[in-house]
Amino acid sequence: WSYHYLVHGYCKSSKRISRAMRYMKEMKKRGLTPDAVTYSCLISGCGRRGKTDEALELLEEMKRKNVALDVVVFNALIHALGRWKRGKRAFLVFQEMRYRGIQPDEWTFNLLLNALAKVGEAQAGLKMFNMMKRLGIAPSVVTYTAVIDCLGAGGQALAAYKLHNKLLARREAYSTRTWNSLLKGLAKEDRMGMAYLVYQRMRRRGYEPDRVTYSILLDLCTAVRDLKKVVQLQSDMRAAELEPD
RNA sequence: AGUCAUG
């Protein structure tokens, strides 16, 4: 019957991944073949628990058993690898995906950008962003946040800032999170002046700073010992009815 | 039915 149902159900909660894995083993003993949906559930479950080698092994198993691969399986695997700082490996998986003729989608690139951000690969991230264009895959606000974060995390805050200006000029979709990712990159390089201007601009444009915005800025104030701006920011926070951390 | 962004 439906082992699929059991496996999928247990994959939802990260605590129960081992149980899901057991059910899958039973499934296999009975000669049933898990499908791509089952595998992607298990791969993302392994990812949540840091079991990246197991996640990779699941892909190998799919290949051995000739289970049809799809974009979600690869996305789940890239995510699993990326979140545990295996950006290089995530990129290799991306290449294999293309080699096997599975078309990457917008999520694939978002996930890759996050993976590369975690290992500080700004240059590679920019290449991915450009490749996306070439393949005719439309970026979203999630993509913009990810690429700006990737640049900032890789010590390219000024490049991030330039890209941000270009996107704003083109009136691309934006969100508070996107502004925050830019601020994070500027903060990493102790660029208090620029960060504060960006903060003011963000407000003028109608994007409400949130708790993350203030957290980034207040940490930066501490790093550069700017007490005056701490006072100003705290008063802005109160005006916005946000609690200090 | 399964995969994404900011401290």
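In what order do the elements of chain A run from the N terminus on? The answer is α-α-α-α-α-α-α-α-α-α-α-α-α-α. Please keep in mind that this is a predicted model.

1. Overall content. Chain A has 14 helices and zero strands. Its C-alpha trace spans about 70 × 40 × 25 Å along the principal axes.

2. Burial and surface. Chain A has 245 residues, and 45% of them count as buried. The chain exposes about 13300 Å². Carbon and sulfur atoms supply 50% of that area.

3. Contact range. Take the contacts in chain A with a separation of 6 or more. Of these, 61% come from residues 24 or more positions apart.

4. Helices α5 and α7: geometry. Helix α5 covers residues 71-83 and helix α7 covers residues 106-118. Their axes come within 8 Å and cross at roughly 15°. Angles under 35 degrees count as roughly parallel, and α5 and α7 are therefore roughly parallel to each other. The crossing of α5 past α7 is left-handed.

5. Helices α5 and α7: residues. On the α5 side the contact is made by Val71, Asn75, Ile78, His79, Gly82 and Arg83. On the α7 side stand Trp107, Thr108, Leu111, Leu112, Ala115 and Lys118. The residues of this contact of α5 with α7 comprise six nonpolar, four polar and two charged.

6. Helices α7 and α9: geometry. Helix α7 also pairs with α9, which spans residues 141-153. The two axes come within 8 Å. They cross at roughly 20°, so α7 and α9 are roughly parallel to each other. This crossing, of α7 and α9, is left-handed.

7. Helices α7 and α9: residues. From α7, the contact uses Glu106, Asn110, Leu113, Asn114, Leu116 and Ala117. From α9, it uses Val142, Thr143, Ala146, Val147, Asp149, Cys150 and Ala153. The residues in the contact of α7 with α9 divide into eight nonpolar, three polar and two charged.

8. Asp149. What does Asp149 touch, leaving aside its neighbours within four places in sequence? The contacts are Ala117, Ser181 and Lys184. Ala117 belongs to α7. Ser181 and Lys184 fall within α11, residues 176-188.

9. Asn66. Phi of Asn66 is near 55°. That is a positive value in a residue other than glycine. Asn66 lies in the loop between α4 (52-64) and α5. Its relative accessibility is 69%. Exposed means over 50%, so Asn66 counts as exposed.

10. Arg171. Which phi does Arg171 have? The value is near 55°, again positive in a residue other than glycine. Arg171 is placed in the loop between α10 (157-169) and α11 (176-188). With a relative accessible area of 77%, Arg171 is exposed.

11. Recap. Helix α7 meets α5 through residues including Leu111 and Leu112. It meets α9 through residues including Leu113 and Leu116.

Terms used. Residues are numbered from 1 along each chain as its sequence is written. Chains are lettered from A and ligands numbered from 1 in the order in which they are written. This is a predicted model: local features need pLDDT of at least 70, side-chain atom pairs count only at pLDDT 80 or more; totals for chains, interfaces and linings use all residues. Side-chain values use heavy atoms; hydrogens and water are left out. Axes are lines fitted to C-alpha atoms, for helices over the stretch in contact, and angles run from 0 to 180 degrees between N-to-C directions. Helices (H or I, at least four residues) and strands (E, at least two) are DSSP runs, numbered from the N terminus. Angles under 35 degrees count as roughly parallel, over 145 as roughly antiparallel, 65 to 115 as roughly perpendicular and the rest as oblique. A crossing is left-handed if the near helix is turned anticlockwise from the far one by less than a right angle, and right-handed if clockwise. Contact means heavy atoms within 4.5 Å. Ala, Val, Leu, Ile, Met, Phe, Trp, Tyr, Cys and Pro count as nonpolar, Asp, Glu, Lys and Arg as charged, and the others, Gly among them, as polar. Buried means under 20% relative accessible area, exposed over 50%, partly exposed in between (1.4 Å probe, protein chains only). Accessible areas come from the Shrake-Rupley method with a 1.4 Å probe; for residues, only the protein chains shown count as cover.
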